[in-house]
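I opened the model to look up its pockets. My notes follow.

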Amino acid sequence: MGHLTMLPAWQALRAHYDEIRSRHLRDLFTEDPERAKRYTLEAAGLFLDYSKNRLNDQTLEALFNLARERGVEAQRDAMLSGAHINTSEDRAVLHTALRAPRDAVICANGHNVVPDVHKVLDHMGAFAQAIRSGAWRGFTGQPIRHIINIGIGGSFLGPQLVYEALKPYALRGLTCSFVANIDGAELANALQDKDPAETLFVIASKTFTTLETLTNAQLARDWLVEGLGAQAAVARHCVAVSVNVQAAVEFGIDANNIFGFWDWVGGRYSVESAIGLTAMVAIGGDLFAELLAGSRAMDEHFQSAPLGANMPAIMGLISLWYNNFFGAQTVAILPYAHALARLPAYLQQLAMESNGKRVDARGELVEVDTGPIVWGEPGVDGQHSFHQLLYQGTRLVPCDMIGFMEPLSRYQRSHDLLMASLFAQAEALAFGRTGEQLRALGVPPSRAKFEACEGNRPTNMLLGQRLDARTLGALIALYEHSVFVQGAIWGVDSFDQWGVELGKDMARHIIQEIETGSVGADHDPSTRRLLARYMAARRAGQG
């Protein structure tokens, strides 16, 4: 694959950017009255309006040409066929197989993985039904009323997102908590006021060796044994999601209650595997199947739609346009739905762990900026905190804004006000309000210069009919594939995360030093002094 910046499409985009960068959205809409109609798309139950972006037909055609020149469609097909596109780990990337129908054939290393997927889904479904019906009883014969999911990264963010988003559909009388941070305060908060006899822990760790997860799991086990008076209680109050059956059994978990998954599923893509067990228990097997169906519908759209009508491709290319040509370093995710409060954090991991790379899949330095910083908060909360910067700040921040036609509550007027805010924010960001307009409204010139908003701030608008399991699945898959498109163009391996491993390795080394009370000479002077200060405070506290 040749140098990205030397490709004809890249060069065309660079020249085109010089022509369009100073154009205002007001002018683009004036010149193209049909823009609001033409720059929309529907797929898998989602409606996308991308008309409020700083682009035109020439921009889009150049972006599509870039995708073709970088072989995005061929790379997509390779991923879906089970090719080892995770080159640094020599693995297939088949999270799409997690939502494949039973009769599909998707092979990894010559083996059809679909029957394996459905075997695990059936195992999950039977377990979820046992908990939900009360057939599963704890050590003392009590039904389970509290589930605490212990994981980190994708083993935490994914199931938490699904649970929080679909909580209106969850089983009443069952509460779910999610613990990831190694700070004991998080686990302590989750355990507060819980009865061990009614509490189940789902311990999610692929290797069953993850430091943070195992530390919390061991504390949870101690809490159970202390509260229930027997080591044997662990088997009725802990289940595992892991491939390391031996380690989980040694922990005290019944081998029949270990739910497996595969190395072709990355953690940040794993919520629809056994990692989603807590969410499945909460919402039930039927709704979990709807989640999978929504993702599958978006997969099929991504696989079959031409680039010019392909929602994930269009969103990925627009994000790349701002990142690599306008120099926009961040993307704001603004869901106008309280239930999607964890979506920005989920997408942070998805995008930044996937494409936060400085070398390409060949190990060579990339030529351009890769993954943008992803952040956000639900609307309207963000309007009263950071939207000021979006309107009048010096930085360009493209925004994805997400809303739903139907409310999840019975408060219709509240939903009307929410949606009015959503539409108003997108309109105001795009078109602003000039000093001249303000003066026409009677604002004194001395104040108008402070109130004026230039506009020309881009947004994507995503709308669904209702936030339900199927729509959430489509939304998850949409962003998965958008991230893939960007990584394919940059030429990075979007499915490894070696930078994360570095921090883990160093933490393991330092905890040994803290526990032995001896700081090694291999640290830099700053780290040595910080460790010495901490260890002195630790000794004083223990003294």
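I started with the second largest pocket, which holds about 480 Å³ of space. Pocket here means an open set of points on a 1 Å grid over the protein atoms alone, where a 1.4 Å probe fits, with protein on both sides within 12 Å along at least five of seven lines; lining residues have an atom within 4 Å of a point. Volume is the space filled by probe spheres set on the points, which are joined across faces, edges and corners.

This is a predicted model: local features need pLDDT of at least 70, side-chain atom pairs count only at pLDDT 80 or more, and totals for chains, interfaces and linings use all residues. Residues are numbered from 1 along each chain as its sequence is written, and side-chain values use heavy atoms, without hydrogens and water.

I listed 22 lining residues for the second largest pocket. Nearest its centre lie Ala337, His338, Ala339, Leu408 and Leu418. Helix α17 (residues 412-431) gives the largest share of this lining, three residues. Helices are DSSP runs (H or I, at least four residues), as are strands (E, at least two), numbered from the N terminus.

I then picked Ala339. I found Ala339 in the loop between β10 (330-335) and α15. Is Ala339 buried or exposed? Ala339 counts as buried because its relative accessibility is 13%; the cut-offs are under 20% for buried, over 50% for exposed, partly exposed in between (1.4 Å probe, protein chains only). Beyond its neighbours within four places in sequence, Ala339 contacts Glu164, Ala165, Leu408 and Leu467 (heavy atoms within 4.5 Å).
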